[in-house]
Amino acid sequence: MGLPQFVLASASPARRRLLQMVGIEPIVRVSNFDESQIQTENATELVETLARCKAEAIAPQFDSALIVGCDSVLLLNGEIHGKPENTEVAIARWQHMSGQVGELYTGHAIIDQPQQQILVRTQVTRVYFAQMSDRAIRAYVATGEPLKCAGAFALEGRGGLFVDKIEGCHSNVIGLSLPLLRQMLSQLGYEVTDFW
C-alpha cells in the first residue's frame, strides 16, 4: 500500500512554508470552518477543537489521506487572542502586549484515514514581547501583517523584530510545531521522512 496523501487543512501560507522547508509538499485545502461556533475560555480546548474541526471539514474530500488541521491563539494575562478584527484592535492589542510575556498555543489534529485514527495535541511556547513605542506599534500595524496572525504578530515576518525571545518550540509560534508533527506521525507509525 502506498503512502497516504499529506493534506494541510489551512489557509496559512506560513504553515505551508514550514512544511515545504522540511521537505513536505502538502496538498492545501482551506476548511472555511466557522471558528465563531466554538466558544471556550480554555486555550488548549479551543485550539484542539478548532484544529480537529478544520481537519474534519475537509476529510470527506479524500479517501486515503493524512489530514493536518492547526489553530493558534495567544494567551496573555488570562485572555485568549486570535486574529485581530481590525487595525484599531491590533493597535490596542500591541499596546497591551508591549513588554509582556504571552503563551502561544497551537492545536494540531491529524486524521489518518487509512488507519481510521485521529490524534489531537497542543504545543505551547512562551513569547517575550519587546517594549514598543506607539509610533513603532502604529507603523507595524500599518503593514497589515498583524491582521493576518493569531496574537497580531508574525515571528517569521516583521513581527520578529518585536519579540525579544521565546521559550519552547520556535515553529509552533509560526503556526505548526515541527517536533510535535514528527512525534504525532511517529505515533501513527510513519516516519516524517516518508513524506519527502
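At 0% relative accessibility, Ala152 counts as buried, where buried means under 20% relative accessible area, exposed over 50% and partly exposed in between, for a 1.4 Å probe and protein chains only. The model is a predicted one, in which local features need pLDDT of at least 70, side-chain atom pairs count only at pLDDT 80 or more, and totals for chains, interfaces and linings use all residues. Residues are numbered from 1 along each chain as its sequence is written, and side-chain values use heavy atoms, with hydrogens and water left out.

Ala152 belongs to the loop between α4 and β7; helices (H or I, at least four residues) and strands (E, at least two) are DSSP runs, numbered from the N terminus. Although Ala152 is not a glycine, its phi is positive, at about 65°. Most residues other than glycine have a negative phi. Gln116 also has a positive phi, near 50°, and is placed in the loop between β5 (101-112) and β6 (117-129). With a relative accessible area of 75%, Gln116 is exposed.

The loop between α4 (134-142) and β7 (163-167) also holds Ala150, which is buried at a relative accessible area of 15%. Not counting residues up to four places away in sequence, Ala150 touches Ser72, Val73, Gly82, Lys83 and Leu104, contact meaning heavy atoms within 4.5 Å. Gln113 and Ala150 are 37 residues apart in sequence, and their C-alpha atoms are 29 Å apart in space.

Two or more lining residues come from each of α1 (13-21), α2 (43-58), β3 (65-76), β4 (79-81) and α5 (170-174). The volume of this pocket is about 1,000 Å³. On a 1 Å grid over the protein atoms alone, a pocket is an open set of points where a 1.4 Å probe fits, with protein on both sides within 12 Å along at least five of seven lines, and lining residues have an atom within 4 Å of a point. Grid points are joined across faces, edges and corners, and a volume is the space filled by probe spheres set on the points.

The lining of the largest pocket comprises 19 nonpolar, 13 polar and 11 charged residues. Here Ala, Val, Leu, Ile, Met, Phe, Trp, Tyr, Cys and Pro count as nonpolar, Asp, Glu, Lys and Arg as charged, and the others, Gly among them, as polar. The element giving the most to this lining is α1, with 4 residues. Helix α1 is also the place of Arg17, which is partly exposed at 46% relative accessibility.

The largest nonpolar core has 43 residues, and Trp94, Phe153 and Leu185 touch the most other members. Apart from it lies another core, of 10 residues, including Phe33, Val47, Cys53 and Leu75. A nonpolar core is a set of buried Ala, Val, Leu, Ile, Met, Phe, Trp, Tyr and Cys residues joined through side-chain atoms within 4.5 Å. In soluble globular proteins, nonpolar side chains tend to be buried together. Leaving out residues up to four places away in sequence, the contacts of Phe153 include Trp94, Met97, Leu104 and Val127.
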